[in-house]
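Colleague: I am new to reading protein models. Could you walk me through this one, feature by feature?

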Amino acid sequence: MTEAILLVGGKGTRLRPLTVNTPKPMVPAAGVPFLTHQLARARAAGVEHIVLATSYLAEVFEPYFGDGSALGLHLEYVTEREPLGTGGAIRNVASRLTSGPDEPVLIFNGDILTGLDIGALVDTHRTSGADVSLHLTRVADPRAFGLVPTDPTGRVTAFLEKPQTPEEIVTDQINAGAYVFRRSVIDTIEQGRPVSVERETFPGLLAAGAHLQGMVDSTYWLDLGTPGAFVRGSADLVLGRAPSPAVPGRRGDALVLPTAEVAADAKLTGGTVVGEGAVVGAGARISGSALLEGAVVEAGAVVTDSLIGAGARVGARTALSGVVVGDGATVGADNELRDGVRVWCDASLPAGAVRFSSDQ
Ligand code: GDD
Ligand code: MG
């Protein structure tokens, strides 16, 4: 049996204001807390025991996921008193692992949506005999990630977290946030202080001559660190572009959860999710967006690539594109909001207050 550690700590505040009291992994993507997709994918790959390493708003995970049996998993929770960083968090849960010293332990960043073949990563690890194996993906702009150049055999030659200078951008291969560690390597991370696996552990292992193996592929991959990416990921789950056994319903243009009310002539496309108790009025057009629980989009509104928070309201004929409306906020009728606008939780924008077009 393979076991896994899921990293769901850190500050996790980048989805604010939408989620003032909700850590990112618990914000619904395609109708269920995002973390559900990662847990279900790991289970489908044969993982049975997962330790959640948490620090930020940790108390919301356990009441929802419990002992994990609903997902066929044995789940444990470990909460850091102060965030220990990625490496510190891994070391901090080592005592919960049951694997022997030479056995593989999977580790996942908690904010990644991916089609990674988890079994193939474990196979790569076994056949290469590596100390640590890393899933790598290629991106157009690698600056926000960990750069991981490899030699022709896939062996990692360096690890450069968040490169600062053009000279450091030596590859478009980045750390995709899924690893297999030989169990005994986890035990070598120093205990009881913050450690970054990316800035300290990986460079240190390389300097000491350890074998780090990369597995690069071109499967679906998205870091859900921004609201825009989160909405994109939710839509891709609904469309079936991002694979997950946990999407509650059939793949298609839209997912309408039970108890939602959608007017007969409203148009839902592009992987839109209408959450429980949400209401979509007559003639509204919603594309590539997520309406959380109890959100209301009134008649004639046009909502594109946007996140509408729990209990939020979008007025009649209002047009939103690339917008986050926080939980409980109201955008009055006949507004036009675009590209990165965030309406704070519980805020209220009067009717006809903001437009981009010049008249009316
Ligand atoms: N328990 C715990 N404690 N978890 C943490 C902590 C901590 O102190 N700090 C971060 N995490 C978790 C986050 O919740 C997230 O799931 C994961 O570790 C990675 O942290 P991020 O803050 O999201 O890092 P990043 O996105 O800037 O960069 C990381 O991911 C990239 C891929 O998306 C790095 O691993 C990069 O190398 C990588 O390319
Ligand atoms: Mg991240």
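**Reading the model**

Modeller: The C-alpha centres of domain 1 and domain 2 lie 33 Å apart. The model is predicted: local features need pLDDT of at least 70, side-chain atom pairs count only at pLDDT 80 or more, and totals for chains, interfaces and linings use all residues. Residues are numbered from 1 along each chain as its sequence is written, chains are lettered from A and ligands numbered from 1 in the order in which they are written, and side-chain values use heavy atoms, with hydrogens and water left out.

Colleague: Which residues belong to domain 1 and domain 2?

Modeller: Domain bounds come from an automatic or database domain assignment. Here domain 1 is 3–223 and domain 2 is 253–349.

Colleague: What does UniProt annotate over residues 252–333?

Modeller: UniProt positions are given in the numbering used here, feature names are shortened, and annotations may be inferred rather than shown by experiment. The unreviewed entry gives "domain: Mannose-1-phosphate guanyltransferase C-terminal" for that stretch, 252–333. Over these residues the chain is 0% helix and 41% strand. Helices (H or I, at least four residues) and strands (E, at least two) are DSSP runs, numbered from the N terminus.

Colleague: Which residues coordinate the magnesium ion?

Modeller: Donors are N, O and S atoms within 2.8 Å of the metal (3.2 Å for Na, K and Ca); water is not among the atoms, so sites may look incomplete. Asp111 (OD) and Asp223 (OD) coordinate the magnesium ion (ligand 2), at 2.0 to 2.7 Å. Asp111 sits in the loop between strand E6 (104–109) and strand E7 (112–114), and Asp223 in strand E13 (residues 221–223), so the pair ties together parts that are 112 residues apart in sequence.

Colleague: Is Asp111 buried or exposed?

Modeller: Buried means under 20% relative accessible area, exposed over 50%, partly exposed in between (1.4 Å probe, protein chains only). Asp111 is buried, at 16% relative accessibility. Asp223, at 22%, is partly exposed.

Colleague: How many residues has the largest nonpolar core?

Modeller: In soluble globular proteins, nonpolar side chains tend to be buried together. A nonpolar core is a set of buried Ala, Val, Leu, Ile, Met, Phe, Trp, Tyr and Cys residues joined through side-chain atoms within 4.5 Å. The largest one has 30 residues, and Ile5, Val132 and Phe202 are among those with the most contacts inside it. Elements giving two or more residues to this core include strand E1 (2–7), strand E8 (132–138) and helix H6 (197–207). H6 supplies the largest share, four residues. A second, separate core has 24 residues, including Phe61 and Leu116.

Colleague: How many residues of H7 are buried?

Modeller: Ten of the 13 residues of H7 are buried. Among them are Phe230, Val231 and Leu237. Just after H7, Gly240 takes a positive phi of about 90°.

Colleague: What does Ser289 contact?

Modeller: Contact means heavy atoms within 4.5 Å. Leaving aside neighbours within four places in sequence, Ser289 is in contact with residues including Val231, Gly271 and Asp305. Ser289 lies in the loop between strand E19 (285–287) and strand E20 (290–291). Ser289 is buried, at 1% relative accessibility.

Colleague: What phi does Lys162 have?

Modeller: Most residues other than glycine have a negative phi. Lys162 is not a glycine, yet has a positive phi of about 45°. Lys162 is partly exposed, at 31% relative accessibility. Asp346 is not a glycine either, and has a positive phi of about 65°. Asp346 is exposed, at 62%.
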